[in-house]
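Dear colleague,

I am handing over the structure we spoke about, and I would be glad if you could look through it with the notes below beside you.

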Amino acid sequence: MQLHTIQRITLLPLLAVLVATPVAAQQQRTILGRKEAEKKLPARKEPPKPDTAAPAPTKTGMAEITGVVMDSLHGTYLRHADVMVEGAQVTTTTDSLGRFKVSGLKPGDYQVGVFHPVLDSLGLSLATKKFHVGADSSSFVVLAVPSPTTIISSSCPPLGPRAQGTSAVIGRVTDPESMQPVKGAEVSIAWTQLEVSKEIGVRRTPRLLRDSTDALGQYRICGLPNDMKATLQARMGSAVTAEVPIALGTDDTELFLRNLLLSRADSGAKTGNAVVSGTIVLEGSPTNAGSRVELVGTDVVAMTNEKGQFTMRNLPSGSHVLLARHLGFGAETVPVDLSSREPKQVTIKLPKFVATIEPVVVTAKRAASLDKVGFTTRQKGAMGYFIGPDRLERMQPNYLTDILRTVPGLQVSYGPQGEEVTSTRGVSSLSGGSCVQYYVDDMPWQSLMPGDVNQFVNGREVVGVEVYNGPGTPAQYSRPGQGDCTTIVVWTKFKIRS
C-alpha cells in the first residue's frame, strides 16, 4: 500500500496598492491648513542622501527548495528524516524542527521524497508530485505523516460487532541479521480486560487477537481498546520473540507502531553474537552500583558497576526483554531488539519502591491475578506449601527470608554473602549439599552467589509463595537432574499487577 501525502506551498510576493479618492473640497482645506502650519515651524533640514544605492541581490541562476516535515501521528515534527530530491540526486536530513533546505539546484523539474523508520513501520511513502523551479527562485514544501485516524481507516477493515475499540497496533516483522521481511509470521497481542462493579465484583477476562504478516512483513491488529497495557509477540514455526510489553494511550483512537525482529533460528537458542550495554539509574540514590540485569528467557545475567553500567555479550538475536532489579526499587522491563549487525544501548530507570496500605479491591484483583497464573489451582491440589496475599499483608516482611523462615522444612542461616536458605528434609543435589532452586515471577532465578535472591527481591513486593519438595513439584518447575530439590516459587507485584 502506497500512500502519498502531498502539499506544496509556493510563496509569491504580495503587492498591496492603496487607492484613495478624496472629496475635492476636503482635500483643498487639508492642503491649505498644512501650508499655514508649516509657516509657523522652523525650517527642517533634509536628511542627507546616501552616496550609493543598496546593492541588488546577486543573481546566480540557481534555485533552492526548503520545507518542513510534520508528524501528525505523534503531534510533532518528523526529526532526523532522510529527504531526497529526485532529479538532483541530493539527500539531506531534517533537523529537530523537521526543517530541511537544499540549495544550488539548476532550474528544472524535481520531486521531494521522505524516508523514516516511522514510515517504514506504516508501509507508507511520503513524496510530492514533480514541480518546476526557476532560476533564482525558492520553493517551500510541507509534507506530513497522516494522523492515526487516517492511517487506521485506510489500513484496517471495517470494524465488526466484536471489536473492542477503534485503536490499532501496526508494524513489520523482519529478520534480525538480513533485515529482510518475514512473510507468514503470526503476530499476537494479549491483554486482560478488567471490569469492576457491585454486581460482578472484579472480573478479569483474557483477550487475544492475531494477524499474519504479508509479503512485506507487515501486520495490522485492529479493533483494540485504548488505555491498556498488553504484550506483543511474533512466532513462526519454532522461532518466537519475547512477549514485548506495549501500552496504548488514552485518546479515543490510538495507533501504536512496533516492529519486531524474529530470528529464523529456534527460539530455544540461548547464545548468539549480539551485544547490549547500558545504564541502570536508581531514583534518588547516590550510587547506581549493584543492580541485577537479566535477558528474560536466557541464563545471561549481569551486575552494574559504580556508574550503573553493564554489558552483556554473546546474546541471541531477535526481539527480547531486559529485566532489571535492585533491592528497595521497583523492577522494570525494557524491550530490546538485538542483532549482530550493531550493539544496542539502553537506559533503565528504577523507581524507589514505596510500600502502601492498599484497599480491599486491590487484594481482590491480586487474588484474580494469582488465579490466572495457576496459583489457586495448585493450592487446591495440596501438593505444596502456599502463602497468599492475605497472610503476607499481616506479616509485613522486609526481606524474602522473613517469609521463608515461616515455611516448614526450610532453614535460614547467615552466610558470607547474606542469608542462605537450605532444606531441613535432607534432600541433596547430585553434586552434594542442600538443593534449593528458585523461580521468580515464573522464571528460573539464576544466582550469581548463594543467598543473592534476598538482595534483589523486596519482601514487601511479594504477593504469593509456593514451596515444593521432590516428586510433588509441578512439571513446569522441575529441572533436569534436580527432581528431588526443594523448589521455591515467588510471585511479586511486578508480575501480579493490581
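What follows is a short account of what was found in it.

This is a predicted model, in which local features need pLDDT of at least 70 and side-chain atom pairs count only at pLDDT 80 or more, whereas totals for chains, interfaces and linings use all residues. Residues are numbered from 1 along each chain as its sequence is written, and side-chain values use heavy atoms, with hydrogens and water left out.

The protein holds seven helices and 33 strands, where helices (H or I, at least four residues) and strands (E, at least two) are DSSP runs numbered from the N terminus. Of its 498 residues, 40% are buried, that is, under 20% relative accessible area, with exposed meaning over 50% and partly exposed lying in between (1.4 Å probe, protein chains only). Among contacts with a separation of 6 or more, 64% are between residues 24 or more positions apart, a contact being heavy atoms within 4.5 Å.

Two residues deserve a look for their backbone angles. Most residues other than glycine have a negative phi. Asp 136, however, has a positive phi of about 55 degrees; this residue sits in the loop between β9 (131-133) and β10 (138-145) and is partly exposed, with a relative accessible area of 36%. Gln 396 likewise has a positive phi, of about 50 degrees, and is placed in the loop between α6 (389-395) and α7 (400-404), where Gln 396 is partly exposed at a relative accessible area of 41%.

Finally, the second largest pocket contains about 500 Å³ of space. Its lining counts 18 residues, of which Thr 174, Met 179, Asn 259, Leu 261 and Asp 337 are the closest to its centre. (A pocket is an open set of points on a 1 Å grid over the protein atoms alone, where a 1.4 Å probe fits, with protein on both sides within 12 Å along at least five of seven lines; lining residues have an atom within 4 Å of a point.) The largest share of this lining, four residues, comes from α2.

With best wishes

Conventions: Grid points are joined across faces, edges and corners, and a volume is the space filled by probe spheres set on the points.
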